[in-house]
Amino acid sequence: MYLRNGSSAAVRITAVELIGARNLENAGAFLVPDPMESGSKSGWDFGDGPFTGDASQVRLAVDAELAGKAETSLVVHVQRPDVLGEGYLEGVRVEYTTGLRRYAYETGPEHIFRPGKC
């Protein structure tokens with residue numbers, strides 16, 4: 001999911017939640033420095049991910065700060081507890097703060113995760 005902070009003030013991401021998830025769990029949300037297209041795919045393309053300690057690499061999204069006018073992508077890693085069952089997701093909710101104000105951004109589209117396909 002593409003994220004753009006259109007303001008000049010920094011924002012802090014406070015939560016990333018799944019909306020209407022059935023047979024899916026949020027296994028972590030990450031910020032990827034290069035903006036990418038929305039969509040779903042299987043596999044992990046980010047090497048050691050947020051575990052390198054390098055801020056120019058993938059980093060954990062919750063508690064991350066996004067500078068004013070910055071752009072990035074949010075990748076939400078979802079898992080199916082029942083790998084043989086179908087999973088369903090209506091969208092993702094991102095909660096964030098700037099100064100003392102709290103905001104939320106919700107997005108879709110819905111995704112259906114079929115057995116053997118992801």
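**Entry 1: a first pairing.** I note that the model is a predicted one.

**Entry 2: the whole chain.** I step back to count elements. The protein has 10 strands and 0 helices. Read from the N terminus, the order is β-β-β-β-β-β-β-β-β-β. I look up burial next: 31% of the 118 residues count as buried. The accessible surface comes to about 7400 Å². Carbon and sulfur atoms account for 48% of that surface.

I also check how far apart in sequence the contacting residues lie. I take contacts between residues at least 6 apart in sequence, and 78% of these join residues at least 24 apart.

Strand 1 runs antiparallel to strand 6 (residues 71-79), and 3 bridges join them. Arg4 has Glu71 in strand 6 as its bridge partner. Strand 3 is also antiparallel to strand 6, with 6 bridges between them. There I find Glu25 opposite Gln79 in strand 6.

I walk through it from strand 5. Strand 5 (residues 65-66) pairs with strand 2 in the antiparallel sense over 2 bridges. Glu65 in strand 5 is the bridge partner of Arg12. Strand 2 (residues 11-19) then runs antiparallel to strand 8 (residues 91-98), joined by 7 bridges. I note two residue pairs between them. Ala15 is opposite Glu95 in strand 8, and Val16 is opposite Val94 in strand 8.

I move on to strand 9 (residues 101-107). Strand 8 pairs with strand 9 over 7 bridges, in the antiparallel sense. Val94 turns up again, with Tyr105 in strand 9 as its bridge partner. How many residues lie between strand 8 and strand 9 in their hairpin? I find 2 residues there. Gly99 in the turn has a positive phi of about 65°.

**Entry 3: the nonpolar core.** I look up the largest nonpolar core and find 11 residues. They are Met1, Leu3, Ile13, Val16, Ala29, Leu31, Ala61, Ala64, Leu74, Val92 and Val94. Strand 2, strand 3 and strand 8 each supply at least two residues of this core. As a general note, nonpolar side chains tend to be buried together in soluble globular proteins.

Which residues does Ile13 contact, leaving aside its neighbours within four places in sequence? I list Leu3, Leu31, Ala61, Val62, Asp63, Ala64, Val94, Glu95 and Tyr96.

**Entry 4: a pocket.** I look up the second largest pocket. Its volume is about 230 Å³. The lining consists of Leu3, Arg4, Asn5, Gly6, Ser7, Val11, Ile13, Leu66, Val94, Tyr96, Thr98 and Tyr105.

Which strand gives the most to this lining? I find strand 8, with 3 residues. Strand 1, strand 2 and strand 8 each supply at least two lining residues.

Entry 5: I go back to Val94. Val94 stands opposite Val16 and has Tyr105 as its bridge partner in strand 9. Val94 belongs to the largest nonpolar core. Val94 also lines the second largest pocket.

Terms used:
Residues numbered from 1 in each chain as written. Predicted model: local features only at pLDDT ≥ 70, side-chain atom pairs only at ≥ 80, totals over all residues. Heavy atoms only, no water. Pairing = 2+ DSSP bridges. Helix = DSSP H or I, 4+ residues; strand = E, 2+ residues; numbered from the N terminus. Core = buried A, V, L, I, M, F, W, Y, C linked by side-chain atoms within 4.5 Å. Buried < 20%, exposed > 50% of the residue type's maximum accessible area, 1.4 Å probe, protein only. Contact = heavy atoms within 4.5 Å. Areas by Shrake-Rupley, 256 points an atom, 1.4 Å probe, with all protein chains shown as cover. 1 Å grid on protein atoms, 1.4 Å probe; cavity = no way out; pocket = protein on both sides within 12 Å on 5 of 7 lines; lining within 4 Å. Points joined across faces, edges and corners; volume = space filled by probe spheres on them.
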